[in-house]
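These are my notebook entries on one protein model. I set down what I looked up, entry by entry.

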Amino acid sequence: MVKNNSHSVFEKSRIKNSIFPPKEEFERVVKRISKSEKKTNIGLAPNALPVEKAKYDFCQTIARYRRENNLTEKSIAKQLDITLSHLDNILYSHIDEFTLDELANYANELHIHFDLKVIDYGRDKASAEVH
């Protein structure tokens, strides 16, 4: 195979048609996000545990509720009796900052309807979902 600038012609074609950014760009963004404390939406890891997925869903649901109802961060923080910094952690899905029951209580305080289901797919597979 013909090599050109350390990538084969096949690799360059595959990379050119890829929807993913180049590896270097991806690593730069991951590094920036992992150091972020605020104002960066933390994505959910592909290998996230069911409880992490449920916590992420709660954060996304609360953020969507805020947007759809044109509410200010200040008004939601006041209603939940939390600091703006703590609310930012919810709105930007910093799930490590919360327990599942804490996020469920916040959604309840905002009168957001949700169903929390634990679905048993057998001993090896279980899932938690928020709707």
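I looked up Pro 50 and found it in helix 3; helices (H or I, at least four residues) and strands (E, at least two) are DSSP runs, numbered from the N terminus. Pro 50 counts as partly exposed because its relative accessibility is 30%; buried means under 20% relative accessible area, exposed over 50%, and partly exposed in between (1.4 Å probe, protein chains only). I also noted that the C-alpha atoms of Pro 50 and Val 118 are separated by 9.2 Å, at 68 residues apart along the chain.

I recorded the basis of these entries: the model is predicted, local features need pLDDT of at least 70, side-chain atom pairs count only at pLDDT 80 or more, and totals for chains, interfaces and linings use all residues. Residues are numbered from 1 along each chain as its sequence is written, and side-chain values use heavy atoms, with hydrogens and water left out.

I then listed the secondary structure, which comes to 6 helices and 4 strands. From the N terminus the order is β-β-α-α-α-α-α-α-β-β. Of the 131 residues in the protein, 27% are buried.

Next I examined how helix 3 meets helix 6. Their axes come within 10 Å and cross at roughly 25°; axes are lines fitted to C-alpha atoms, for helices over the stretch in contact, and angles run from 0 to 180 degrees between N-to-C directions. Helix 3 is therefore roughly parallel to helix 6, a class that holds angles under 35 degrees. On the helix 3 side, the contact (heavy atoms within 4.5 Å) is made by Val 51, Ala 54, Lys 55, Phe 58, Cys 59 and Ile 62. Helix 6 contributes Leu 100, Leu 103, Ala 104, Tyr 106 and Ala 107.

Which residues touch the most other members of the largest nonpolar core? I found Ile 62, Ile 82, Leu 87, Ile 90, Leu 103 and Tyr 106, out of 20 residues in this core; such a core is a set of buried Ala, Val, Leu, Ile, Met, Phe, Trp, Tyr and Cys residues joined through side-chain atoms within 4.5 Å. Helix 3 gives the most to this core, with 5 residues. Not counting residues up to four places away in sequence, Tyr 106 touches Ile 62, Leu 80, Ile 82, His 86, Ile 90 and Phe 98.

My last entry concerns helix 5, where Leu 87, Asp 88, Asn 89, Ile 90 and Leu 91 are buried. The buried residues of helix 5 pack against helix 3, helix 4 and helix 6. Just after helix 5, Ser 93 takes a positive phi of about 55°.

Notes. Angles under 35 degrees count as roughly parallel, over 145 as roughly antiparallel, 65 to 115 as roughly perpendicular and the rest as oblique.
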